[in-house]
Amino acid sequence: MSEELGKVKRWGPKSLSFWLTILCAGGLIGLGINGFIQPVAASRAFGLEILNPLDSGYVRVKATRDLALGISIIVFVFMRIKKVLIAFSLVSAIIPLIDGIMVLTQYGGELKDSLQHFITMIGVLLIAFLLWREKGIEISKSVS
């Protein structure tokens with residue numbers, strides 16, 4: 001005989017926010033790997049192009065940052081620590097904001113070069129909102 005103790009909400013693969021978070025983490029890991037393999041192309045895509053591969057120090061710093069963020073997010077997703085992901089997303093939204101401002105203010109940057117960063121910031125905030133709003137899957141918890 002089993003009695004139902006209550007419903008537990010579990011966040012996981014049936015949630016849109018779960019997959020969007022994994023997609024973003026995969027994108028960050030890809031950006032990180034690209035920054036190490038093709039620093040000149042990665043700098044151009046970032047909005048602050050370097051001309052000499054020997055000047056790629058900041059690109060590799062950014063690549064390390066992106067790789068570490070992506071791996072951290074994947075770890076939090078698979079540990080299903082949704083509250084940490086929400087806080088992490090809110091705090092991390094400052095990164096593309098500052099990146100966009102830096103691109104805009106360096107070397108006569110233009111808004112078109114910064115837009116990707118500002119759009120990324122909005123996307124990160126939207127995912128944080130989805131994580132916060134989206135309900136988990138109800139699982140019946142019972143005792144035998």
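Close-up 1. The members are Leu104, Leu111, Leu115 and Ile119, with about 350 Å² of accessible area together. Leu115 lies in helix 6. Patch residues have over 30% relative accessible area and no salt bridge, with nonpolar side chains joined within 5 Å. Areas come from the Shrake-Rupley method with a 1.4 Å probe, and a salt bridge is a Lys or Arg side-chain nitrogen within 4 Å of a carboxyl oxygen of Asp or Glu. Helices are DSSP runs (H or I, at least four residues) numbered from the N terminus. The model is predicted: local features need pLDDT of at least 70, side-chain atom pairs count only at 80 or more, and totals for chains, interfaces and linings use all residues. Residues are numbered from 1 along each chain, and side-chain values use heavy atoms, without hydrogens and water.

**Close-up 2. Helix 5 against helix 6.** The two axes (lines fitted to C-alpha atoms over the stretch in contact, angles from 0 to 180 degrees between N-to-C directions) come within 8 Å and cross at roughly 175°. The helices are therefore roughly antiparallel (over 145 degrees) to each other. Contact (heavy atoms within 4.5 Å) involves residues including Pro96 and Leu104 of helix 5 and Leu111 and Met121 of helix 6. These residues divide into 8 nonpolar, 4 polar and 2 charged.

**Close-up 3. Helix 4 (residues 82-92) against helix 5 (residues 94-105).** Their axes lie 5 Å apart at an angle of about 15°, and the helices are therefore roughly parallel (under 35 degrees) to each other. Leu90, Val91 and Ser92 of helix 4 meet Ile94, Ile95 and Pro96 of helix 5.

Note on methods
Helices (H or I, at least four residues) and strands (E, at least two) are DSSP runs, numbered from the N terminus. Angles under 35 degrees count as roughly parallel, over 145 as roughly antiparallel, 65 to 115 as roughly perpendicular and the rest as oblique. Patches are made of residues with over 30% relative accessible area and no salt bridge: like charges are joined within 9 Å, nonpolar side chains (Val, Leu, Ile, Met, Phe, Trp, Tyr) within 5 Å. Ala, Val, Leu, Ile, Met, Phe, Trp, Tyr, Cys and Pro count as nonpolar, Asp, Glu, Lys and Arg as charged, and the others, Gly among them, as polar.
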